Amino acid sequence: MQTLDLGLIGNCCISALIDKQARIVWCCLPRFDGDPVFHALLGAPADAPDDGVFSIEVENPSSTTQAYVENTAILKTTLRGETGAVEITDFCPRFYMRDRIFRPQMLVRRIAPIDGNPRLKIRVRPRFGHGSQAPSVTYGSNHVRYLGDNLAVRLTTDAPIDYVLEETTFRATEPIHLILGPDETLAEGPAEVARDFGERTTNYWRTWTHRLALPLEWQEAVIRAAITLKMSSYEPTGAIVAAMTTSIPEAPDSARTWDYRYCWVRDAFFVVRALNSLAAVRTMENYFRWIMNIVDDAQRDFIQPVFGIGLEKNLAERTIDHLPGYRGMGPVRIGNQAFEHFQHDTYGNLILGAAPAFFDARLFMKAGPAEFSRFEILGERAFYLHDKPDAGIWELRSRTRIHTSSSLMCWVACDRLAKIAAHLQEAERAQFWADRARIIREAILARAWSDKRQAFVESFEGAHLDASVLLMGQVGFIAPDDPRFVATVERIGEVLGRSPHLMRYEEADDYGSPETAFNACAFWRLEALARAGRRDEAREQFEALLSIRNHLGLMAEDTNPGTGEGGGNFPQTYFM
């Protein structure tokens, strides 16, 4: 049965997910939101049930172990069978070449016999058209070409081509190299390319990790999270995907299957903030360039909450009927209806994501008065919309309200513009935006507080609890020891807490009542506890959350509080 016990490899251009048996079960080309050439994670067409996978299978397997090479995005899997064992090394090349980053659309796999006389089979079964089209296959002495209508990939290898084509079981007596990439001839042999690219990729990731500003505690967890977040950035444009997958259900048979292979302004901000706190500032600079393209294009119009990683605006949602879905639980969706939503927190998240460019002296890219004037247009929209209904942070599809979290981020937009203006010594504009932030703040305090619930609630004059109001403490809206915020944290813990997990909200949504806990919410709560001085309690919850990561330190969007099983798209950057 398919699980989310998966490892991620990538190079900030493409990525792949690999299970414990060293099967590549998910890989989209030519970029994160492209055609899932390997799609076994979501099943296979009924007439080709074994397709959509790139596997290396030892004869009569008995055990498997898997781990990352320390401080890198390189994954090693050891497969043992009755005749011997092999070690498989997987990575996507990433390193500096000619003073710029080299990140080809390429997967490199090295198979090394390490014990006995291992017999194995190589199975390369890509499909195109989101699983609907079997490839045409041609081959030469050292390569196999897989051709679709709109995409072609080439496998170059020093394994016997006949064995690859026929999926013949054979004895591995020496290292084997498999390089899957664009339909182009390699400059050198596969062994030389794999060795050179592997050494240089190892050096790149270890150098990148070496420069991180890390805490003394939990370094392994933080490093793995940082590398994962870095791999989730699409470097050509600066966009950051919410997750690498589509359609992993939040809960079994819930139909909550969404495509997360796009850049949500909200999620991307949290990723940038996390990496910036570790001194990995280059991702923030790239993201700032991406933001400025949105701002330049938006003028005074509506800004959608999610874009394609190439700034595509139309992410029309459709279902793929020929793929059954994760464990057969569809529908499989491509695109995301959220691009049509009004989510007013978008404006605050854009300004939050850009604000460090005005203050951080380390950055090569500086923001000044010209950029500030562009962001003031967003501030005007945020002020106008702060008390208007929207779909909210949870992207409700069938109702709108004046969501507290959306109004909160409208306050953030005005508050940060006031601070930027003061930094730029524009006193009049600083006062103007401070006044607007004050008006929004007073509205939130008056209309989002519920005397009945003794907590801030999910919408103005609302009645239900929602974990998103915990963001009040993170963004500086309210003091962490303010009695109203302390009471809110307590009420949310009592009603939504499934220790150490936290549900998103208590009211039923378009698909009924949520069944799984949203992992990011649990971190919002423990941060609120830490800010309020309850550090021992926060530490205990943090340790408990670390224990539910998979064997490689990665985690999906949701967790079943009863079983601890992960659900939702993977790996989810908001959590990581």
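How many bridges join β8 to β11? Eight bridges join the two strands, which run antiparallel. The model is a predicted one, in which local features need pLDDT of at least 70 and side-chain atom pairs count only at pLDDT 80 or more, while totals for chains, interfaces and linings use all residues. Residues are numbered from 1 along each chain as its sequence is written, and side-chain values use heavy atoms, with hydrogens and water left out. Helices (H or I, at least four residues) and strands (E, at least two) are DSSP runs numbered from the N terminus, and two strands are taken to pair if DSSP finds at least two bridges between them.

Strands β8 and β11 belong to an open sheet of eight strands with antiparallel pairing, in the order β6-β7-β8-β11-β17-β15-β14-β13.

The bridge partner of L79 in β8 is V86. Strand β8 is mostly covered, with seven of its eight residues buried; buried means under 20% relative accessible area, exposed over 50%, and partly exposed in between (1.4 Å probe, protein chains only).

Strand β17 (residues 176-182) is also mostly covered, six of its seven residues being buried. Antiparallel pairing over five bridges connects β17 with β11 (residues 107-116), and β17 pairs with β15 (residues 152-157) in the antiparallel sense, likewise over five bridges. Residue L180 of β17 stands opposite L107 and opposite L155. The bridge partner of R110 in β17 is H177. Helix α2 (residues 190-210) packs on the sheet and touches β8 (84-91), β11, β15 and β17, its direction making about 80° with that of β17; contact means heavy atoms within 4.5 Å.

A further open sheet has three strands in the order β28-β29-β30, with antiparallel pairing. Its edge strands are β28 (517-518) and β30 (566-567), each with a single partner strand, so one side of each is left without a neighbour in the sheet. Strand β29 (residues 558-559) is joined to β30 by two bridges, and the two run antiparallel. T559 has G566 of β30 as its bridge partner.

Two packed helices are described by the angle between their axes and the distance between the axes. For helix α8 (residues 369-385) and helix α9 (residues 404-423), the axes come within 8 Å and cross at roughly 145°. The crossing is left-handed, a term used if the near helix is turned anticlockwise from the far one by less than a right angle, with right-handed used if clockwise. The contact is made by F372, F375, E376, G379, A382, F383 and L385 of α8 together with C410, A413, C414, L417, I420 and A421 of α9. By class, this contact has 11 nonpolar, one polar and one charged residues; Ala, Val, Leu, Ile, Met, Phe, Trp, Tyr, Cys and Pro count as nonpolar, Asp, Glu, Lys and Arg as charged, and the others, Gly among them, as polar.

P389 lies in the loop between α8 and α9. At 44% relative accessibility, P389 counts as partly exposed. Its C-alpha atom is separated by 4.2 Å from that of R401, 12 residues apart along the chain. Not counting residues up to four places away in sequence, P389 touches H344, T400, R401 and I402.

Helix α13 (residues 519-531) has 13 residues and reaches 19 Å from its first C-alpha to its last, close to the 18 Å expected at 1.5 Å a residue; the expected span is 1.5 Å times one less than the number of residues. Of the 13 residues of α13, 10 are buried, among them F523, W524 and R525. The helix is followed by G533, whose phi is positive, near 90°.

Conventions
Axes fitted to C-alpha atoms, helices over the stretch in contact; angles between N-to-C directions.
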